[in-house]
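Hi,

Here is the model I promised to pass on.

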Amino acid sequence: MKLKRLQIENIRSYKNLDISFDSGVTVVSGVNGSGKSSLLEACFSGLFGSKTLSPGFVLADMIHKGETKAAIMLEFEQNGREYVIKQGYRYNPKTGNASSSGSVLTVDGEILVDQATQTYDAVRALLNMDEKAYTNCVYIRQGEIDVLINAKPKDRQRMIDDLLQLGRLEEYRERAGSARVGVGRLKRDVGEKAKDVQAEIDKIDSEKPHDKLNRSREMSVRIQAKIDELDIKKDAAKSKMNEYNKTISEYSALSVTKDSINSQVIEFNAKKTAAFKKIESIRNDILSKNTTIRSIKADTTGLKKEIGFDDDDIKAVVLEMEEDERRTRDNVSTIEGKHRLLENGMALKRESVKDMEKQLSAIRKTVQELKGDISSTQQGIEISGDSLKVLDEKRQVAVGKVESLGFTVEKLDNIEDIMELLTDQQQKLHGREREISTLITEFNKRIKKSKNLLAKGMCPTCGQDLKGSSIGETTAEDEKQQLQLNGELSDIRSKQVEINEKVERVKSLKTHAKTIANCIRDIELLSSKVETSRKLLDDYNARIAGEEGKAVELDGRKSGFVLAIDKADMEISDLIKEKDGAKGEHAKTKESLRIAKKIQDNISELDKSQDTIKQLDGKIGDIQTMIGLFESQVNERKERLVEVNKNIGTIDINDLRAKSKQFESAYANIGVQIRNMSREKDNVQKDVGRLENEIRRLSSLEDNLKVLKNKSDYLHAVYRDATSLENMYLRIRAELRTRNIGALDAVLNEMFSFMYSNNAYSHIKMDAEYNLIVYEKDGTTLEPKLLSGGERAIFNLVLRCAIYRLLSLGVGGVSRGTALPPLILDEPTVFLDRGHVQQLIKLIDMMRDIGVGQILIVSHDESLIDSADHVFVVEKDPITNTSAISAR
């Protein structure tokens, strides 16, 4: 595999980046915190997506601050084909969460997959490793260089097995073992079920269900024959019982007819009696009506005399009196309407007078308040004038201070730009001072260490001979650079003092400029306030003149309303007298009308009473006709009664009822016998059904037992095969591990000998569990974790490179070097002194010489640049916090 190109947008400290990679050793250099490792993390995330996030980090941490979208495009070549992965991300500022917005993998320009999970699976299959194996083999992350050595033995076994593709065999073995356990459990369950089925079959057979079924069927036939015989007897009894019941029903019908006729005769006689009583009642009503007629005539005569009426046309008189009553009533209403209008008008005028008095009082109050406002406004103008003088004196003092600092008021407009320029220079000088101070500290440590090495002549950690080494020359060069840096640091600090003085002067100018601006603003505000106050005085005087004019006008209108009220009082007194006379006239016409209407009602009542007497006489004739009909109906019913008594006399009803009861009892007893027999038959039939079910159950159990036996035989064979398969995977894994351990041990010792020639160590031993032991030349053993920091780092790098080399050769000797990703080292010089850095360079050259096509190194140590084929430099803008990269 060969990395070709990386494009990133808004990832960590990068806004936009487009970088291409070539074969050979590529070194990415830059100071700590400049964004070098972010470049490698972008490649890592481009391959495996969000699976690459370290514990404690979330996807939102990867997106550049202030941005809502981010993207990674990684292009690489493998086995002659071009692959491009595009990972997209989006950030929600409201929730603070980020998520994937797209993940696409293309091969030779064609989309292979377009979902995050599918892309992850495709990359894992293509590289033959997941993100954990990637960091354990090809990508040595910063701070994780000694993961393999410090890991627990089981974790180290798993890591190396996974890298050497033995983890898949262990996975297959576990699957076969799980299958064997599952089949064994299922085999036991089937055996238990077969035992239960056989026990149930034996239990059913012991009860002999076939013999019981035959006996029950014979008993059912016998019971049915008895039921049929009883049904014949029951039908005969029912026929005789129906015959007797029919005769009894006929007798009962005749008796009912007789009773009905007698009831009808009684009913018609009662109606006839009631008719005679009705005639008597009507005659009494006629006498009462005649009495009423005489009383009404006498009352009508008296009323006519009261109003002097002697004409027969009462309707015309009533109409004439209604017209008089309506005329007098309308006259009263007209007078009352005039009275109300005058009263309402006078009330409105009184309210108007009260309103005018209130308005006059309010006007006087307003005039008084306006005069008070004029006084307070004049005092405010005098106070504002004094304040204007004080502010102008304060402004002139501030202008004098500005001029004393060498500035004019006109130049103060650019003071913020001057301050921003000075602050920017301050920050740049401060950043350069920190950078030079850090370099001087590093040079001090390096020079001190180099001098100690020169004094001893040997490396105190690895025992290598330093004769002919370049440490002396390097130390002199370091001291020369240190002197240059000290001089540059002194110049920078002098410039910082000068800039700080200028900043303080500008701060003082900003304070005076603010004072001048505030004074000018306050003077303008106070001048505007004085002008506004003078306009208010003019407005107050104009309003006083207007209010006084309104008062004169209101007083004249009030006098007119008072005169109108007095005139209305006199008119109301005249109307009251006129209204009393009209009401008296109306009362007389109303009483005359009442008497005339009473006479009219009496005449109408006389006519109605005479008509009622005629109707009652007609009703008496109708009732007498009805009485004759009742008497004919009674005679007819008596003749029918004689005929019914004749038919009843030939029937002995008591004998018939006794015989019917005997057959009814016999019918009921036979029914009880049949029901008992039927229940007995039902019970037998239930036994038949139960026995038939047991026989069917027995047949089903026998079939099930055969199936279970066949299944048990099959599971036994599968269990045997699963056991054999599990043992096979275990054997193959052990053989391959032994073979790979031998190969890894050989490669590791070859590289170890190359790296540690002429030192105190002899060789390395790796056992079957991947435990590592370092042997010194005197035979003493040493665990790798007990080595010094630099030695342990080199040892870990050798182990990682040995595994990488073994993978490039391929398990079983088949080369897969082109399928492996580039070897990636992130800050490998951490914990290394200059001597061990030289060993690291030696290791890098060795990996390049044995055929590793791409090696990508990120380091702040410029010592590695000399061994590089391609060099990139990363720098970060301290103001925008954005990283940029350039080729050297």
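Predicted model: local features only at pLDDT ≥ 70, side-chain atom pairs only at ≥ 80, totals over all residues.

Let me start with a strand pair: β10 (residues 772-776) and β11 are antiparallel partners, joined over two bridges.

Numbering runs from 1 along each chain as its sequence is written, and side-chain values use heavy atoms, with hydrogens and water left out.

Back to the strands. β10 belongs to an open sheet of three strands, ordered β9-β10-β11, with antiparallel pairing. Its edges are β9 (761-766) and β11 (781-782), each pairing on one side only. Helix α11 (residues 653-755) lies across β9 and β10 and runs at about 160° to β9. That angle is taken between N-to-C directions, from 0 to 180 degrees, with axes as lines fitted to C-alpha atoms, for helices over the stretch in contact; contact means heavy atoms within 4.5 Å.

Val718 is also in α11. At 23% relative accessibility, Val718 is partly exposed (buried is under 20% relative accessible area, exposed over 50%, partly exposed in between, with a 1.4 Å probe and protein chains only). Val718 and Arg294 are 424 residues apart in sequence and 132 Å apart in space, C-alpha to C-alpha.

Another helix to look at is α8 (residues 314-404). Its 91 residues should span 135 Å at 1.5 Å a residue, and the end C-alpha atoms are 128 Å apart, which agrees; the expected span is 1.5 Å times one less than the number of residues. After α8 comes Gly406, with a positive phi near 90°.

Then there is Thr119, in helix α2 (residues 116-127). Thr119 is buried, at 0% relative accessibility. Leaving aside residues up to four places away in sequence, Thr119 touches Ile85, Gln87, Ser103, Val104, Leu105 and Val113. With Ser103 there is a side-chain to side-chain polar contact of 3.1 Å (N or O atoms within 3.5 Å, one able to donate a hydrogen and the other to accept it; residues adjacent in sequence count only if both atoms are side-chain atoms).

Finally, the cysteines: Cys43 is buried at 3% relative accessibility, and Cys801 is buried at 2%. The disulfide count is zero, taking a disulfide as a pair of cysteine sulfur atoms within 2.5 Å.

Cheers

Note on methods. Pairing = 2+ DSSP bridges. Helix = DSSP H or I, 4+ residues; strand = E, 2+ residues; numbered from the N terminus.
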